[in-house]
Amino acid sequence: MSRQANRGTESKKMSSELFTLTYGALVTQLCKDYENDEDVNKQLDKMGYNIGVRLIEDFLARSNVGKCHDFRETADVIAKVAFKMYLGITPSITNWSPAGDEFSLILENNPLVDFVELPDNHSSLIYSNLLCGVLRGALEMVQMAVEAKFVQDTLKGDGVTEIRMRFIRRIEDNLPVGEE
Amino acid sequence: MAIFSVYVVNKAGGLIYQLDSYAPRAEAEKTFSYPLDLLLKLHDERVLVAFGQRDGIRVGHAVLAINGKDVNGKYTADGKEVLEYLGNPANYPVSVRFGRPRLTSNEKLMLASMFHSLFAIGSQLSPEQGSSGIEMLETDTFKLHCFQTLTGIKFVVLADPRQAGIDSLLRKIYEIYSDFALKNPFYSLEMPISGGGAGAGSDLPLTRPSRARGPSWCGCSAGRRRQLCWLRRSLPPPRRLCSSCSAWRWC
C-alpha cells in the first residue's frame, strides 16, 4: 500500500538534457583540473563508486528485488531492472564466459553521451567511466567484488557501447547476519 | 499512539538513528510531608522508588522533578543530592514528581548493539541454512518488528501489538532512509544521522503527512501523524484519540 503512495514522487521527471549537460560539465571540468586522461578516468571511477554505494540502497528500497543467488541473476537484475530504473535503457547481456563469471552489457544508446564528440587530444578518456564505478560500488555493498570496464565506446567509433563485467569474488568480511 | 519508536542500526551494530513517539508517560506529582513514606534508592545515576506504592506512584518510578524543577540524575536542579534533600525535614513540605524513567541515549545505543547481537544469534540458532535474523519480537505491551536490508542495515520499529501494516512501514522507512540519508552527499555511510545540520529534517518524513495521499485520514488539520493514521486504514477504524488533535475521531 505505501509503495503506491510513493509512486507520486517517482513521476517527477527531469529533463535528460539537463542530466547530460551536468555530466558533460563535470567531465570537462575534471579534464581541466587533472589534464591527464588516466587521472580523469580514475576520478570518474571513484565518483561512480561513491554514487554506487548509496544508489544500491535506493535501488533495493524501490525495486523490492530479493537476493541474487548467482552472477546470472545479478546480470539480469542489473540490465532489466537497474538500468531501466535509473537511465531508462535496457542493455542486453551477451558474451558469457564459459565459467559464467564474465559477461558484457551492450548499450545501444547511452544517455550520458547524447551530442558528445570526443576531441583528438582526449583519445584515452573513458567518458562514461562513472557507470563502471557505480556498478562496482553498488555490487560491493551486496558483498560482490566485481570489475567493470568499457571495451567498446560509441564515442571512439564503435557501433555500440559495451561494458565488460567480471566477477572477482564474494566479499566475506562484514557480512550481514544470516547471509554466510 | 500505535508506533512507539523507530531505531536504525548500521552493519556494525551501532545505532545511527532513533525516534521516540510515546504517548505521555504516566507521571504523578504529589506533595509530601516529612517523613516520606516511599523508600527511595539510588540506581544507575537515578533516584528510584524501591518500595512503597500509592496514588499512581509505583516501584521503579524515578524522581523526575522536585518542586517543579527537573532533577538532573541524582542531583536537584540546584546541585544538591536528591536523597539528602529529601532526608532533611527542613525542606518539607515538598512536591515531587515521579514517573517512568526515560532511556538515555547511551542506554539506547547499548540496547541497539545488544539487539544486533541477539539478531545474529537468532539466525545462528536456526536449524535451516540461511535463515533471516529476528523479524518480530512480541510482548504483551508492544511488538518489535525488524527488517534487515541486503546491505546489512536494520530498521527496528516498536509498535502496538494490534497495529498491522508494519511491514510496509519498514519498507517505507527504508525508502525514506535511502532518500534523506543517502542522497545527502555530506552524510557519511554508517554514521549517525543527525537531526539538524547535514541530516536536517531526517525525522520530519516519519512524522510529516504522506504527500501522495489526499486529505488527512483523521481529518485533523495539524496532520502531523497523517502517515501513521493512513497506515491504520488496514485495520477496521477504531474510535481512538487522535494523537495530534487530541479529539475523539474515527481514525
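Helix H4 (residues 71–87) of chain A lies across E1, E2, E3 and E4 of chain A, and its direction makes about 15 degrees with that of E2(A). Helix H5 (residues 129–141) of chain A also packs on the sheet, where it touches E2, E3 and E4 of chain A and runs at about 165 degrees to E3(A). The model described here is a predicted one.

The sheet under these helices comes next. It is an open sheet of four strands in chain A, ordered E1-E2-E4-E3, and the pairing is antiparallel. Strand E1 (92–94) and strand E3 (144–152) of chain A are at the edges with a single partner strand each, so one side of each has no neighbour in the sheet. From one strand to the next the twist averages 30 degrees. Strands of a sheet pair through backbone hydrogen bonds, in either a parallel or an antiparallel way. Within this sheet, E2 (residues 102–107) and E4 (residues 161–170) of chain A are joined by six bridges in the antiparallel sense. Across from A:Phe103 stands A:Met165 in E4(A).

A:Phe83 belongs to helix H4 of chain A. With a relative accessibility of 6%, A:Phe83 counts as buried, because the limit for buried is under 20%. Apart from neighbours within four places in sequence, A:Phe83 has contacts that include A:Leu105, A:Leu107 and A:Leu135. A:Ile78, A:Gly88, A:Ile89 and A:Pro91 are also among the contacts of A:Phe83.

A:Phe71, A:Trp96, A:Phe103 and A:Phe167 form one cluster of aromatic residues. A:Arg72 lies over the face of A:Trp96, 4.3 Å from the ring centre.

Over all chains, a search of the whole structure finds 13 aromatic pairs. One of them is formed by A:Tyr23 and A:Tyr127, an edge-to-face pair with 5.3 Å centre to centre and 80 degrees between the planes. This pair links distant parts of the chain, as A:Tyr23 is in helix H2 (residues 16–34) of chain A and A:Tyr127 is in the loop between E2 and H5 of chain A, 104 residues apart. A:Tyr23 counts as buried at 4% relative accessibility, and A:Tyr127 is buried with a relative accessible area of 6%.

B:Phe32 and B:Phe98 form an edge-to-face aromatic pair as well, with 6.1 Å centre to centre and 90 degrees between the planes. Here too the pair links distant parts of the chain: B:Phe32 is in strand E3 (residues 27–32) of chain B and B:Phe98 is in strand E8 (residues 94–99) of chain B, 66 residues apart. B:Phe32 and B:Phe98 are both buried.

Strand E8 of chain B also holds B:Arg97. B:Arg97 is partly exposed, with a relative accessible area of 23%. In sequence B:Arg97 and B:Glu27 are 70 residues apart, but in space they are 6.9 Å apart, C-alpha to C-alpha. Leaving aside neighbours within four places in sequence, B:Arg97 is in contact with residues including B:Glu27, B:Ala28 and B:Glu29. Others among the contacts of B:Arg97 are B:Ala62, B:Val63, B:Leu64, B:Ala65 and B:Asp70.

Chain B as a whole has five helices and 13 strands. Of its 251 residues, 44% are buried. Among contacts in chain B between residues at least 6 apart in sequence, 51% join residues at least 24 apart.

One helix of chain B can be followed from end to end. Helix H2 (residues 105–124) of chain B has 20 residues, which at 1.5 Å a residue should span 28 Å; the end C-alpha atoms are 29 Å apart, and this agrees. The buried residues of H2(B) include B:Ala112, B:Phe115, B:His116, B:Phe119 and B:Ala120. An α-helix has 3.6 residues a turn, so residues three or four places apart point the same way. The buried residues of H2(B) pack against strands E1 (3–9), E2 (15–20), E5 (46–51), E10 (143–148) and E11 (154–159) of chain B. B:Lys154 lies over the face of B:Phe119, at 4.7 Å from the ring centre.

E5(B) also pairs with strand E4 (residues 39–43) of chain B, antiparallel and through five bridges. B:Leu39 has B:Phe51 in E5(B) as its bridge partner. The hairpin of E4(B) and E5(B) has two residues between the strands, and B:Asp44 in this hairpin takes a positive phi near 60 degrees.

Technical notes
Residues are numbered from 1 along each chain as its sequence is written. Chains are lettered from A and ligands numbered from 1 in the order in which they are written. This is a predicted model: local features need pLDDT of at least 70, side-chain atom pairs count only at pLDDT 80 or more; totals for chains, interfaces and linings use all residues. Side-chain values use heavy atoms; hydrogens and water are left out. The expected span of a helix is 1.5 Å times one less than its number of residues. Buried means under 20% relative accessible area, exposed over 50%, partly exposed in between (1.4 Å probe, protein chains only). Contact means heavy atoms within 4.5 Å. Two strands pair if DSSP finds at least two bridges between them. Axes are lines fitted to C-alpha atoms, for helices over the stretch in contact, and angles run from 0 to 180 degrees between N-to-C directions. Rings of Phe, Tyr and Trp (its six-membered ring) pair if their centres lie within 6.5 Å; planes under 30 degrees apart count as stacked, over 60 as edge-to-face and the rest as tilted. A charge sits over a ring if NZ of Lys or CZ of Arg is within 6 Å of the ring centre and within 35 degrees of the ring normal.
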